[in-house]
Amino acid sequence: AAPTKTGYTFASWNTLANGSGSAFTSSTPVVADITVYAQWTINNYTVTFNKNGGDTEANPTSTVANYNTTVTLPAAPTKTGYTFASWNTLANGSGSAFTSSTPVVADITVYAHIPLPVGILWLMDQVLLSQVQLLLLQISQSMPNTPSIPILSPLTRMEETLKPTRPAQ
């Protein structure tokens with residue numbers, strides 16, 4: 001059986017370690033003790049860059065790398081109104097970051113991580129907070145002698161947060 005080596009494919013046997021000697025095959029006559037050396041071919045792996053909902057593709061969309069080497073990252077995909085953050089091993093961004101220093105050890109697809117803009121996340125948080133406040137209000141109204149809880153809509157809170165202030169004089 002052929003020997004194995006991670007990241008490489010067995011190519012042949014040779015009488016010199018650097019492969020510059022004579023090939024040794026099953027038909028080579030053995031007339032004395034001999035040492036032969038395995039010759040290897042390094043494996044190539046494809047890294048595919050998935051735009052993951054972006055408006056444009058990464059450029060290039062894939063690249064080939066030798067085993068345990070790194071790749072140059074492509075031009076990132078774009079998405080109107082969003083900012084590209086990174087490449088990730090999982091589409092939802094919860095996997096491992098894939099960077100220009102990540103060694104390639106197998107075929108892999110990495111995904112553009114293009115998170116929601118901060119303003120949208122803030123607004124979603126405010127809407128959730130309003131829903132919690134409304135639930136608390138409903139609970140308090142169903143119980144006698146419970147103090148009332150002021151409820152502000154997300155837009156009211158946004159207006160209050162964004163309201164310009166004047167410096168003290």
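## Terms and model

Two strands pair if DSSP finds at least two bridges between them. Strands themselves are DSSP runs (E, at least two residues), helices are runs of H or I with at least four residues, and both are numbered from the N terminus. By that rule, two bridges join S6 to S7, which run antiparallel.

Welcome to the rest of the chain. This is a predicted model, in which local features need pLDDT of at least 70, side-chain atom pairs count only at pLDDT 80 or more, and totals for chains, interfaces and linings use all residues. Residues are numbered from 1 along each chain as its sequence is written, and side-chain values use heavy atoms, with hydrogens and water left out.

## The chain as a whole

The chain holds two helices and eight strands. Read from the N terminus, the elements follow the pattern β-β-β-β-β-β-β-β-α-α.

Of its 169 residues, 18% count as buried; buried means under 20% relative accessible area, exposed means over 50%, and partly exposed lies in between (1.4 Å probe, protein chains only). The accessible surface of the chain is about 11700 Å², and 57% of this surface belongs to carbon and sulfur atoms. These areas come from the Shrake-Rupley method with a 1.4 Å probe, and for residues only the protein chains shown count as cover. As for contacts (heavy atoms within 4.5 Å), 54% of those in the chain with a separation of 6 or more involve residues 24 or more positions apart.

Strand S1 covers residues 8–14 and pairs with S3 in the antiparallel sense over six bridges. Within this pairing, Asn14 has Tyr37 of S3 as its bridge partner.

Strands of a sheet pair through backbone hydrogen bonds, either parallel or antiparallel. The open sheet of five strands is mixed in its pairing and has the order S5-S4-S8-S6-S7. S5 (62–66) and S7 (97–98) are the edge strands, each with pairing on one side only.

Which way do S4 and S8 pair, parallel or antiparallel? Strand S4 (residues 44–50) and strand S8 (residues 108–113) are parallel, joined over four bridges, and Thr48 stands opposite Thr109 in S8. Strand S6 (residues 86–88) pairs with S8 in the antiparallel sense over three bridges.

## The nonpolar core

In soluble globular proteins, nonpolar side chains tend to be buried together. A nonpolar core is here a set of buried Ala, Val, Leu, Ile, Met, Phe, Trp, Tyr and Cys residues joined through side-chain atoms within 4.5 Å. The largest one has 13 residues, of which Val47, Phe49, Val71, Trp87, Phe98, Val104 and Val110 touch the most other members. S4 and S8 each supply at least two residues of this core, and the largest share, three residues, comes from S4.

Val110 shows some of these links. Leaving aside neighbours within four places in sequence, Val110 is in contact with Val47, Thr48, Phe49, Asn50, Trp87, Asn88 and Phe98.

## Loops and local details

Thr102 sits in the loop between S7 and S8. Its side chain reaches the backbone nitrogen of Thr99 at 2.9 Å. Beyond neighbours within four places in sequence, Thr102 is in contact with Thr69, Thr70 and Ala97. The chain has one salt bridge, defined as a side-chain nitrogen of Lys or Arg within 4 Å of a carboxyl oxygen of Asp or Glu. Lys51 and Glu57 form this salt bridge, with their closest N and O atoms 3.8 Å apart. Lys51 is partly exposed at 26% relative accessibility, and Glu57 is partly exposed at 43%.

Most residues other than glycine have a negative phi, and most peptide bonds are trans. Against that background, the peptide bond from Asn59 to Pro60 is cis, with omega near 0°, and Pro60 lies in the loop between S4 and S5. Asn52, in the loop between S4 and S5, is not a glycine but has a positive phi of about 50°; Asn52 is partly exposed, with a relative accessible area of 27%. Asn68 has a positive phi of about 60°, lies in the loop between S5 and S6, and counts as partly exposed at 46% relative accessibility.

Technical notes:
A polar contact is a pair of N or O atoms within 3.5 Å; within protein, one must be able to donate a hydrogen and the other to accept it, and residues adjacent in sequence count only if both atoms are side-chain atoms.
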